[in-house]
Amino acid sequence: MTTPVSPILGVDFTSTPTAKEFKLGTMAVGSDGTEWVYVQASGAITQYDAVAIDENFQAAALTTALNGAGHKLGFAQVAFVDNDYGWVATRGSNISVRVASSCAADARLYTTTTAGVLDDASASAASRVYGAVAVTAATGTVMAVEVLASFPRAGGDEAVS
């Protein structure tokens with residue numbers, strides 16, 4: 001996992017405390033050029049979930065509805081319990097995300113019916129996630145793969161019907 005290089009003391013990308021340690025929305029940079037934002041979980045988040053981050057820096061596992069709301073996107077590298085605080089990656093490489101089985105590498109990514117999980121197949125009621133691509137393919141059931149995230153953003157109201 002990446003280590004913090006920001007000049008902010010006490011940053012730990014693996015910690016999810018129950019008490020707020022930084023102002024929500026604080027940005028930090030990782031050793032491999034990743035960018036992170038400090039959030040509070042709005043519901044449980046599974047490790048490696050794609051997440052939607054609202055204007056109050058509340059993070060929730062990404063769904064098609066949240067993707068359509070135009071929230072900022074991120075990738076939880078650790079699990080969060082509801083109301084925990086912590087850091088989610090918002091940009092860079094060496095970031096992992098949960099994808100559906102048989103998700104191909106270097107393909108467009110879409111939301112799925114499973115919150116936090118992305119896929120290369122645009123199923124009914126899915127919406128596109130722009131600016132993120134799986135670097136490796138999934139080889140089995142839902143699994144975490146490396147993603148390259150270059151300014152990931154929501155697909156807006158472009159849901160597939």
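Strand pairs and aromatic rings

Modeller: A41 stands opposite A59 in β4. This is a predicted model, in which local features need pLDDT of at least 70, side-chain atom pairs count only at pLDDT 80 or more, and totals for chains, interfaces and linings use all residues. Residues are numbered from 1 along each chain as its sequence is written, and side-chain values use heavy atoms, leaving out hydrogens and water.

Biologist: What makes β2 and β4 a pair?

Modeller: Strands are DSSP runs of E, at least two residues long, and helices are runs of H or I of at least four, numbered from the N terminus. Two strands pair if DSSP finds at least two bridges between them. β2 and β4 (residues 58–61) are joined by 2 bridges and run parallel, so they meet that definition.

Biologist: Why is F22 called buried?

Modeller: Buried means under 20% relative accessible area, exposed over 50%, and partly exposed in between (1.4 Å probe, protein chains only). F22 has 13%, so it is buried. Y38, at 1%, is buried as well.

Biologist: What makes the pair of Y38 and Y85 stacked?

Modeller: Rings of Phe, Tyr and Trp (its six-membered ring) pair if their centres lie within 6.5 Å; planes under 30 degrees apart count as stacked, over 60 as edge-to-face, and the rest as tilted. The Y38 and Y85 centres are 6.2 Å apart with planes at 10 degrees, so the pair is stacked. Y38 is in strand β2 and Y85 in strand β6 (residues 85–99), 47 residues apart.
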